[in-house]
Amino acid sequence: MTDKNNIALSVKNLKTFFYTNNRCNKAVNGVSFDVEKGKTLCIVGESGCGKSVTAATIMQLLPTLSRIEEGEIIFRKDDKTINIEKLEKNGKEMRNIRGSDIAMIFQDPMTALNPVYTVGFQISENLKYHTNLNRKEIREKSISLLNDMGIPLPEKRVDEYPHSYSGGMRQRAMIAMAMACNPKILIADEPTTALDVTIQAQIFELMEKLKEENDTAIILITHDMGVVAELADNVAVMYMGNIVEAGTADDVLRRPTHPYTKALLESVPVLGRGKNQDINPIKGSTPDPYNRPIGCQFAPRCNWQTESCDVMPEITQINKTHEIRCHKYEQFFEKYNEKRDS
Amino acid sequence: MTTYIAQRLIIFFPMLLVISFLVYSGLELSPGDAVSHMISPELASTITAEQLDAMREAYGLNQSFITRYWIWLTSMVQGDMGYSMAGGVAISEIMVKTVPATLELSMVALFFSTILGCSLGVISALKRGSGTDNSLTVAGMAGVSIPEFFFGLVAILLFAIELKWLPVGGRLMPHYETVWDRIPNIVLPSLVLALMMTAGAMRYARSSMLDVLAREFITTARSKGMPEWRVNILHGFRVALTPVVVLIGFRLPLLIGGSTIIEQVYQWPGIGSMFIRSVRASDYPLVMTISLMYVFVVLTASLIIDVLTALIDPRVRLGKE
């Protein structure tokens, strides 16, 4: 796909299952993707499709009732490769990677910061565990991180508690925390869902800047197609624990080849088209994870469903970068392109 | 914060005054008076109404309720606690004897129950669903629901009477010389009291801890690559501590009030058993002194709780400034 040296993280056939009440939820069911240095990979999909579980799996931050069933998570650090899935969950090696090589930003900055410690303290924890800086240097670094994130009066703000920060400022503080040790990979799990749109733009601008300055690879999890169009270099569309379509942003957004991707794009209202525009929501709702369709997971909701869809389609490589998991993609692609031409 | 404490201190004394008046009125409303408890049953049939009135006059009980309350209040303010009507002993003397006994028992129990309760609760929460957690939960439920006196009596039966390891009750014996001699006496009552309190603290600590461990900032803490102890204790327990501190704070009055039931069961000469006797005898001065002390400790304890919770949780500080 791309030059091996540029890949920071590759995930191969990853399966993460949850076990509750003797039932098994195959939350992530054979996911493969590569994340390149200095590029943004957007993982999109509906709620419950396994986006967040994929992220949590990479960090090994899964809840107790779940485990990595199969597959590989290969992290390339300098010249070495580390198989993350083989590391002990909260063991020393895993902890050395967390927060230092791979850092994470969470969805809701209101709850992701500990209310009883100052923001400075929470940033300094990262530095304390992953650098050799002394107390004074850690404090200076914390202040300069806050400053980089555009927080006014960082010298004063560093000693304040999260409750005196606004939502946007808290998310900046979260990013400061995540970026403290210049991670190779930043995983952002819907970082702006809880924020309003103006703040959203600022946060993304910040992430873009950091990506360019530090060559950080970003895995951005979102369900906002607008965000994808804006930020993504590569896109992976997930549905029910599988990646159904993946490729460069251009591939996926301009030439969507999977009925699900197309449906997702059509269900988003476009600003400027007025209130009479056609929005086609995807019919039905996501199936019960304990009672899945037998073949292609999207088949029951798909307009293109045929008998062949009772078998799970394999991944097909359309071109060098664009891959797809659908039986009917050829017909679909043709029809869609005809439509576009006419 | 300072203004908040100052505010609390300003209402402290009016509150004491109001409560002392309420207790005094309560005693007035109760049937009989001190004199009727002073006469032995044998004399009750022969004594005349005049003799009773003479006794009441001698004790000042014939004066109006308000006058008596005023006399009591003024002398109390001057530091004169008066004499027990039942025995004629100076109340200060009774306090000197009973307060240390109660303090000794409750402090030992409070100390061990707090440490044990918190740590068992945290362990239980961290090992949720395991055998350890389940057995601790069952033990905790049993501890909370079995009445103290029953537990105390069973402990006496087992350890004092059957096994003869420890004395049945009491605090001091004539032949006791050093502190070490007294230890066997305190073991049973403090253990029973402590186990009861441990159960409550443990249930509280467990549920509070479970609540906090499910919060998102715990995942954030873990995502920073910190060791598990730091995630659980520094980020988890620190936040879970607030409700536990409130529970333990409300137990502080026990230090002075004593556990009446345990003191009765073990014949521990503390304030608890003294209080029961004085109420039965309508012993105004003694009841008033003990209840006033109790109120004082309750108010102080709630002040301490507020200060402590504010220290633990910065959001509380902001709300009250």
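This is a predicted model: local features need pLDDT of at least 70, side-chain atom pairs count only at pLDDT 80 or more; totals for chains, interfaces and linings use all residues.
Okay, hi everyone. Let's start with chain A and its sheet. Four strands of chain A make an open sheet, and if you read across it the order is 2-1-4-5. The pairing is antiparallel. So which strands stand at the edges? Those are strand 2, residues 23-36, and strand 5, residues 80-83. Each of the two has a single partner strand, so one side of each is left without a neighbour in the sheet. Going from one strand to the next, the twist averages 10 degrees.

Now look at strand 1, residues 7-20, and strand 4, residues 66-77, both in chain A. They pair in the antiparallel sense over 8 bridges.

Helix 1 of chain A, residues 51-59, lies across strand 1, strand 2 and strand 4. Against strand 2, helix 1 runs at about 70 degrees.

How many helices and strands does chain B have? The tally is 16 helices and 0 strands. Its C-alpha atoms fill a box of roughly 85 × 55 × 35 Å along the principal axes. Chain B has 321 residues, and 32% of them are buried. Also, if you take the contacts in chain B with a separation of 6 or more, 75% of them are between residues 24 or more positions apart.

Let's zoom in on one helix pair in chain B: helix 6, residues 91-126, and helix 7, residues 131-145. Their axes come within 8 Å and cross at roughly 135 degrees. That makes helix 6 of chain B oblique to helix 7 of chain B, and the crossing is left-handed. Which residues make the contact? From helix 6 we have B:L120, B:I123 and B:S124, and from helix 7 there are B:T132, B:D133, B:L136 and B:T137. Sort those by class and you get 3 nonpolar, 3 polar and 1 charged.

Last stop: where the chains meet.

Conventions: Residues are numbered from 1 along each chain as its sequence is written. Chains are lettered from A and ligands numbered from 1 in the order in which they are written. Two strands pair if DSSP finds at least two bridges between them. Axes are lines fitted to C-alpha atoms, for helices over the stretch in contact, and angles run from 0 to 180 degrees between N-to-C directions. Two residues are in contact if their C-beta atoms, placed from the backbone, lie within 7 Å. Angles under 35 degrees count as roughly parallel, over 145 as roughly antiparallel, 65 to 115 as roughly perpendicular and the rest as oblique. A crossing is left-handed if the near helix is turned anticlockwise from the far one by less than a right angle, and right-handed if clockwise. Ala, Val, Leu, Ile, Met, Phe, Trp, Tyr, Cys and Pro count as nonpolar, Asp, Glu, Lys and Arg as charged, and the others, Gly among them, as polar. A residue is buried if 20 or more other C-beta atoms lie within 10 Å of its own, exposed if 12 or fewer, and partly exposed in between; C-beta atoms are placed from the backbone.
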